[in-house]
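Subject: Model for you to look at

Hi,

Here is the model I said I would pass on.

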Amino acid sequence: MAPSPDAPNPALEAQAAILARPATDERRMADAIRALAIDAVEKAKSGHPGMPMGMADAATTLFTKYLKFDAADPRWADRDRFVLSAGHGSMLLYALLHLTGHAGMGIEELQRFRQLHSPAAGHPEFGEHPGIETTTGPLGQGIANAVGMALAERILAARFGKSLVDHRTWVICGDGCLQEGISHEAASLAGHLQLEKLCVLYDDNSITIDGDTSLSFTDDTLKRFAAYGWAVRRVDGHDAAEVDAALAWASRSRRPTLIACRTIIGFSAPTKAGTAGSHGSPLGEKEAAAAKSAMGWNHPPFEVPDGIRERWELAGRRGSGTRRAWLKRLAKHPMQAEFERAMAGRLPEAWHEPLAALRATIGEGKPKLATRVSSQKALEALVPAVPEMVGGSADLTGSNNTNVKGIPSVVRGNFAGRYIHWGVREHGMASAMNGMALHGGVIPYSGTFLVFADYMRPAIRLAALMRQRVIHVLTHDSIGLGEDGPTHQPVETLAGLRCIPNLVVFRPGDAMETAECWELAVKRADGPTVLALSRQNLATFRSDAGENRCARGGYVVEEASGPRRATLIATGSEVGLAIAARAALEAEGIATAVVSLPSWELFALQDASYRDQVLGEALRVGIEAAVGFGWDRWLGPDGLFVGMGGFGASAPAEDLFKHFGITPEAVVAAVKKRLG
Ligand SMILES: Cc1ncc(C[n+]2csc(CCOP(=O)(O)OP(=O)(O)O)c2C)c(N)n1
Ligand SMILES: [Mg+2]
């Protein structure tokens, strides 16, 4: 039973006992975090003071004794990564960056917490400050990002050696992150791979927004993580010595570690501590003042006394010698240039040459292949040439065609491979891939069925928001997959992906376009890419291998024989269908052009005159084996759409295209009817 709101608050007694302990330097340093969190939230009139106040003590021990970093260079490649998965507690991170002396997080920035253009945004946002490792807020994502970061660290350590790559990944998460399903996927994988340099500090405060966790959460979290293969411990999160001992223990562990820190949310607040009341709103003037006086903090708002500030700044410089020693090692390292290239996200000099050769071969041979198979051929050209590419699939390797012969898998204890068996964990996979990309030095690509993009959507959205280069190979992209039926046939998925800002969706129509789209995906350094690929074979319609025509997002595949009367605009498997329909229309004297539109996003970036010239003035007919949602953007109010009106069905693909009226004959009939 949850305690009634009027019940006495047992946390207050525990809090009084903790406050009665002699105030150490560490306590004072943690009090500075608490005071800043209180002040910033008060000033912004919104925000989450409770979590920073509760976790300030544990975070102080982590930042002053364990986290390897140097505030002078927050992007130092071999720094430990710190992920605040409980992103609502953003003031904890901002206070830490501020106190440790990071440039760009001055007191003015904290005073502008949650205001337009402040790096101290409501939730931590990657790119707003170099010390923010990832964007968090959607609970659970941070843990999975961290699993990806820890995995990238292992992969790069295997490639470049321990002298260049040897760092840990630390996470602070709360009850919410652990309730989220994604934490189960990510933790299970981390346990399986024994990512021993990953440590999660769990803010075990028994409170979420609705109140006590007993309302909805009775897992034995320690047992749960132990069952995943993690090493687990419980500590008093307000006892620096206990936290210190646990962090030392975690640093020695051969397994990923979870440290459950028993804390009091809103620690020091006289009435709201230990309650959801301190979770997500300002304490209020009176309670804020009383909280400070309970801590013995007698300083004006946003003021940190010199002695405490000095201690914190010293902690910010703690790693400087380690960093300088590392820089010396790097300067002498035989792989220095390669390491710097990979970490900067620059592709190898001749990376596209094998792909250019493949395109020439495709132009000559015009093979009839499923685009998922063409994708495999592109990967065979790319993966050996781009050593930072790390592939994987959520248990569909044979269907997604994502692996390349001779590329070994990443396995527990040996991270020299470049292919990850993610298991059936799409959400965890996509989020961990974000962490890998954020870590740097690797370009992750995945595989699953297109219809399961929805299982990854929150992570794809964040990759787009954070502008990260992650590539998703999503096969079985329509009713063309056939017999597996409507559960597996995406109809609304393309529309759903196309509306995510800064995501590029490609749906190539043949082997040539697939190679071109792969080239564009790998080159795209500032955002994620989806490749929607067919299960069924498709004829190659392109023989020109020179210019990458997909780069403009859309282009004329076949021009009309005379002044256009109709323009058939198709993507993916329907381009071939449009070409067949054009032949029939032309035979009947109706001058018709075919346009391939592999990427709406890239096409939208072209100037209007190019787009107008491609789409033409004649009747526009959109053809795509998906719902028509969004197509009016290209077709205008007078266009026709040939596609799906609802869910698919289970049958051989050919029968389905006939059944749903997506055939050359149907296109011809629709055009003739409209033209009269
Ligand atoms: C995916 C997701 N769902 C819901 C929310 C809204 N939300 C923010 S914090 C929170 C409660 C989190 O509880 P906990 O992690 O225990 O944080 P605490 O209250 O202890 O600070 C919720 C539901 C969110 N940010 N992300
Ligand atoms: Mg909580």
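Predicted model: local features only at pLDDT ≥ 70, side-chain atom pairs only at ≥ 80, totals over all residues.

Residues are numbered from 1 along each chain as its sequence is written, chains are lettered from A and ligands numbered from 1 in the order in which they are written, and side-chain values use heavy atoms, with hydrogens and water left out.

**Helix pairs**

Helices (H or I, at least four residues) and strands (E, at least two) are DSSP runs, numbered from the N terminus. Axes are lines fitted to C-alpha atoms, for helices over the stretch in contact, with angles from 0 to 180 degrees between N-to-C directions.

Take H2 (residues 25–44) and H4 (residues 90–99) to start with: their axes come within 9 Å and cross at roughly 120 degrees. That makes H2 and H4 oblique to each other (under 35 degrees is roughly parallel, over 145 roughly antiparallel, 65 to 115 roughly perpendicular, and the rest oblique). On the H2 side, Ala32, Ile33, Leu36, Ala37, Ala40 and Val41 make the contact, and they meet Met91, Leu92, Ala95, Leu96, His98 and Leu99 of H4; contact means heavy atoms within 4.5 Å. By class, this H2–H4 contact has 11 nonpolar residues, 1 polar and no charged ones (Ala, Val, Leu, Ile, Met, Phe, Trp, Tyr, Cys and Pro count as nonpolar, Asp, Glu, Lys and Arg as charged, and the others, Gly among them, as polar).

Then there are H6 (residues 141–160) and H8 (residues 181–193), packed at about 20 degrees with axes 8 Å apart. H6 is therefore roughly parallel to H8, and the crossing is left-handed. Gln141, Ile143, Ala144, Val147 and Leu151 of H6 meet Ile182, Ser183, Ala186, Ala190 and Leu193 of H8. This H6–H8 contact has 8 nonpolar, 2 polar and no charged residues.

**The metal site**

Which protein atoms hold the magnesium ion (ligand 2) as donors? They are Asp175 (OD), Asn205 (OD1) and Ile207 (O), 2.1 to 2.2 Å from the ion. Donors here are N, O and S atoms within 2.8 Å of the metal (3.2 Å for Na, K and Ca), and water is not among the atoms, so sites may look incomplete. Along the chain, the donors follow the spacing D-x29-N-x1-I. Asn205 counts as buried at 8% relative accessibility, and Ile207 does too at 9% (buried is under 20% relative accessible area, exposed over 50%, partly exposed in between, with a 1.4 Å probe and protein chains only).

**Single residues**

Most residues other than glycine have a negative phi. Lys45, in the loop between H2 and H3 (50–66), has a positive phi near 60 degrees. Is Lys45 buried or exposed? At 69% relative accessibility, Lys45 counts as exposed. His476 also has a positive phi, about 60 degrees, but His476 is buried at 6%.

Arg27, in H2, is buried at 10%. Leaving out residues up to four places away in sequence, Arg27 touches Ile18, Leu19, Arg21, Arg34, Asp57 and Met295.

Cheers

How values were computed: Left-handed = near helix turned anticlockwise from the far one by under 90°.
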